[in-house]
Amino acid sequence: MTALTPSLAIVAARLPSPPSSAELLDADVAGDTPDWRGIAVPEHLMQRFARRSDAAPLAGRPIAGGQIHLLARCPGFGAVLLDVWDSTRQRWRGWLVTPDASYADACGLVVEERDAPADPRAGLVLCDMPVTVAVTDLGACLGVFSQERLQAARWLETHGRANGAAAAPGVIARVALPGGDYALTGTPLSSELGKDGRVAYRQLLRQGLQQLQIAPADAAASQLTPIKAANANRWLKIVTAVAASVMVVQSAWLFLPKDQAVVGNAEFRNGAPQRSGVETGVRTRVLFRAEASEAEIRAWLQREQLEIVAGPDTLGAFTVLSRNRQKVLPPPGPDNPLAVINP
């Protein structure tokens, strides 16, 4: 257990509430508290500070698959690597992420230099701990995985347990993946009770997930495909055609000769730009309920004075435009066809 850092006591301190099984930590917290005042900051900690600074611009990214996001209700506990959107449950499926790379087992994917920029709080993807989270559960973005790295996480979730190596807590191993790629992972968990701190580590993480009411993902959810909310309905082609027509008409209107026309924040008179306070409006990405009809959506758009200007994108989301810059969309509810705002 000496190779496992940080200590289980530190991991337990991240939980929203104290762990229910304190005896797990008895051996871990024994001994005198060291005096840190005369110890210089190690080089590896300085590197972590630099990594966090490099990843800071990612924090405000719109949510999408392949991103690692902090758990908003308890950012110190961990994060989630998002895989696919479940339009039926209106939730993301992904895997729990922690900073603790040394606790990797055969189903753990260690975040590497090739994943940079990545915040050091994203150090290990626990592919054996899939979860489902709502959009409201997600905080700042810590990193972005490529499709190849996402595929590696999926492969480890399915095949990691087949690793026949000997258990060696704290040892990082290299595993070959289909197609010639590789992943840095750990060794299998020890079957000897009390001999492998990674077992207690996972127990603590499961307790934390229960306290945060983060649901584990079932096996069937792993076969999900990207979102099919708006674009799975029979009225997709109609809505898409209407949106495309609107964009074509708007483009034609912009290029027709006029004595006075407004484009963005600039006003043109007789071909010369003039300053103006007129603005194009506010654009918002929305997702409509799967069961919402075309008529319901059209009526709601007219009532709210909105128009579709883009979409559907790969998540099935549309972009709507309001000419009123103070416009705030109502939350999803029985009086509108919205499922998610800014998915």
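The model is predicted, so local features are reported only at pLDDT of at least 70 and side-chain atom pairs only at pLDDT 80 or more, while totals for chains, interfaces and linings use all residues. Residues are numbered from 1 along each chain as its sequence is written, and side-chain values use heavy atoms, with hydrogens and water left out.

Helices (H or I, at least four residues) and strands (E, at least two) are DSSP runs, numbered from the N terminus. Strands count as paired if DSSP finds at least two bridges between them. On this basis, four strands make up an open sheet with antiparallel pairing, in the order S14-S15-S13-S16. Strand S14 (306-310) and strand S16 (338-341) are at the edges; each has a single partner strand, so one side of each lacks a neighbour in the sheet. On average, neighbouring strands here are turned by 45° against each other, direction ignored. Axes for such angles are lines fitted to C-alpha atoms, for helices over the stretch in contact, and angles run from 0 to 180 degrees between N-to-C directions. S14 is joined to strand S15 (residues 318-322) by four bridges in an antiparallel arrangement, and Ala310 stands opposite Thr319 in S15.

Strand S13 contains Arg283. Leaving aside residues up to four places away in sequence, Arg283 touches Val309, Thr319, Val320 and Leu321, where contact means heavy atoms within 4.5 Å.

Helix H6 (residues 294-304) lies across strand S13 (282-288), S14, S15 and S16, and runs at about 115° to S14. Its residues Ile297, Trp300, Leu301 and Glu304 are buried, that is, under 20% relative accessible area with a 1.4 Å probe and protein chains only; exposed means over 50%, and partly exposed lies in between. These four cover an arc of only 100° around the axis, which places them on the same side of H6; the arc is that of the directions from the helix axis to the C-beta atoms. The cover over the buried residues of H6 includes S13, S14, S15 and S16. Gln302 and Arg303 are exposed on the face turned away from the buried side of H6. After H6 comes Gln305, with a positive phi near 55°.

Elsewhere, strand S2 (79-86) has eight of its eight residues buried, so it is largely enclosed by the rest of the structure. Three bridges connect S2 to strand S1 (residues 67-71), antiparallel, with Val80 as the bridge partner of His69. S2 also pairs with S3 over seven bridges in the antiparallel sense. The two form a hairpin with four residues between them, and Gln90 in the turn has a positive phi of about 55°.

The largest nonpolar core has 35 residues, of which Leu71, Phe77, Trp92, Leu96 and Val133 touch the most other members. A nonpolar core is a set of buried Ala, Val, Leu, Ile, Met, Phe, Trp, Tyr and Cys residues joined through side-chain atoms within 4.5 Å. Another core, of 20 residues, lies apart from it and includes Phe145 and Ala183.

Finally, the structure holds zero disulfides, a disulfide being a pair of cysteine sulfur atoms within 2.5 Å. For Cys127, the nearest cysteine sulfur is that of Cys107, 7.1 Å away.
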